[in-house]
Amino acid sequence: MSWQARIDAALNERRENHAFRTREPNEQGNGRWLVRGEQRWRNFSSNDYLGLSQHPDVTRAWRQGAERYGVGSGGSGHVTGYHREHAGLEAALAQWLGFDRALLFISGFAANQAVISALMQKEDRLLADRLSHASLLEAASLSPARLRRFAHNDAGALRNLLAKPCDGQTLVVTEGVFSMDGDSAPLAQLAQASREAKAWLMVDDAHGIGVLGEGGRGSCFASQVHPELLIVTFGKAFGVSGAAVLCSHSLADYLTQFARHLIYSTSMPPAQAAALHASLRVIQQGDALRSRLAHHITRFRTGAAALPLTLAESATAIQPLIVGDNLRTQALAQRLRERGCWVSAIRPPTVPAGTARLRITLTAAHENDDIDALLEALYDACRE
Ligand SMILES: Cc1ncc(COP(=O)(O)O)c(C=O)c1O
């Protein structure tokens with residue numbers, strides 16, 4: 001098959017499955033409102049859970065950082081791109097989360113790829129929750145190690161896999177809060193099973209950091225679990241972008257030698273690190289924002305209980321409504337837009353076949369009115 005025929009076949013398959021993706025530019029897409037041209041919608045698709053992307057302390061820190069240091073880092077951290085703003089943020093994150101060290105990456109995707117590819121060897125195995133994020137599963141399948149996926153949030157299934165012999169080392173991988181389901185991993189049980197089998201545990205807490213646990217320290221802190229590797233990302237509750245890997249001194253030294261996404265990539269701008277440090281301070285003092293979010297979650301779940309859709313078992317800002325069929329999910333999302341609410345239709349392959357859903361995200365930037373308007377729009381859209 002020629003290149004063109006191969007590409008055309010893949011595109012046609014997506015179209016036939018009603019899973020063809022497109023992107024539309026916005027004027028504003030992170031906050032309470034999604035603005036596009038003359039139109040605006042109440043935004044229930046943003047991961048900016050605490051509304052920090054527009055917090056004055058954070059935007060000011062970025063602006064002042066850009067004025068002081070310029071807008072780019074100038075290179076990889078291994079050359080001249082490691083600034084005292086990066087070092088200061090790494091130290092603050094490590095202290096806050098109780099790890100020896102933190103290493104900054106330009107994205108969560110890069111951090112997950114880097115860690116897995118630097119650590120895993122041919123004789124090793126990776127045991128990952130079946131619903132782990134694409135960045136984890138892709139890194140795992142690209143690595144020379146054997147990948148086995150265990151049933152979602154099932155510590156018993158993990159134990160069964162751990163009981164099987166392995167010549168090398170085992171890395172257990174899970175998310176703290178699952179990005180498409182909003183449910184939390186049974187971290188204490190997964191950590192115990194891993195410890196007993198002398199496996200290491202890696203937790204990607206992209207959706208838990210900043211929102212869960214005392215002071216927003218995330219899922220692991222809330223479960224009193226200290227994994228060997230904790231990945232936190234900054235595109236969600238931090239309201240910015242980037243990521244950090246939290247680990248021991250020796251593992252940080254190892255990743256500094258072997259994590260290719262760190263070595264061969266331009267580091268984040270120092271101004272961004274300054275903005276992230278400001279965001280961290282807001283998160284540390286952010287109990288009022290977290291309670292506001294918790295209040296919205298309760299209001300939404302109470303109101304949505306009688307909808308003719310399956311409300312996922314989630315206590316977090318991610319509140320999916322499982323629809324099943326791709327076309328129906330898209331039609332519902334469209335009807336919600338016609339009623340002023342922007343909700344994403346998530347379809348396979350992002351989620352398992354037959355579980356297309358409306359992925360609703362609630363944030364501290366919402367008002368009570370927004371939640372009520374969403375509920376009204378959902379009841380209307382389901383009746384149509
Ligand atoms: C669980 C999880 N891990 C990693 C990522 C990737 O992080 P980033 O957006 O910083 O690349 C995401 C989503 O963006 C995610 O949901």
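Biologist: What should I keep in mind before we start?

Modeller: This is a predicted model, where local features need pLDDT of at least 70, side-chain atom pairs count only at pLDDT 80 or more, and totals for chains, interfaces and linings use all residues. Residues are numbered from 1 along each chain as its sequence is written, and side-chain values use heavy atoms, with hydrogens and water left out.

Biologist: Why is helix 4 called roughly perpendicular to helix 9?

Modeller: Helices here are DSSP runs of H or I with at least four residues, strands are runs of E with at least two, and both are numbered from the N terminus. Helix 4 (residues 108–119) and helix 9 (residues 249–258) have axes that cross at roughly 95° and come within 10 Å. Axes are lines fitted to C-alpha atoms, for helices over the stretch in contact, with angles from 0 to 180 degrees between N-to-C directions. The label covers 65 to 115 degrees (under 35 is roughly parallel, over 145 roughly antiparallel, the rest oblique), so helix 4 is roughly perpendicular to helix 9.

Biologist: And what makes helix 6 roughly parallel to helix 7?

Modeller: The axes of helix 6 (residues 155–162) and helix 7 (residues 187–196) cross at roughly 10°, so that pair gets the roughly parallel label.

Biologist: How do you know which residues of helix 4 and helix 9 meet?

Modeller: Contact means heavy atoms within 4.5 Å. Val 115, Ala 118 and Leu 119 in helix 4 meet Leu 251, Tyr 254, Leu 255 and Phe 258 in helix 9. That contact divides into 7 nonpolar, no polar and no charged residues. Nonpolar means Ala, Val, Leu, Ile, Met, Phe, Trp, Tyr, Cys and Pro; charged means Asp, Glu, Lys and Arg; the others, Gly among them, are polar.

Biologist: What makes strand 11 and strand 14 a pair?

Modeller: Two strands pair if DSSP finds at least two bridges between them. Strand 11 (residues 318–324) and strand 14 (residues 356–361) have 6 bridges, in the antiparallel sense. Pro 320, for one, stands opposite Arg 359 in strand 14. Their open sheet has 4 strands in the order 10-11-14-13.

Biologist: Which strands of that sheet are called edge strands?

Modeller: Strand 10 (310–311) and strand 13 (344–346), as each pairs on one side only.

Biologist: How many bridges join strand 2 to strand 12?

Modeller: 2 bridges, with strand 2 (residues 39–43) and strand 12 running parallel. Asn 43 has Trp 342 as its bridge partner in strand 12.
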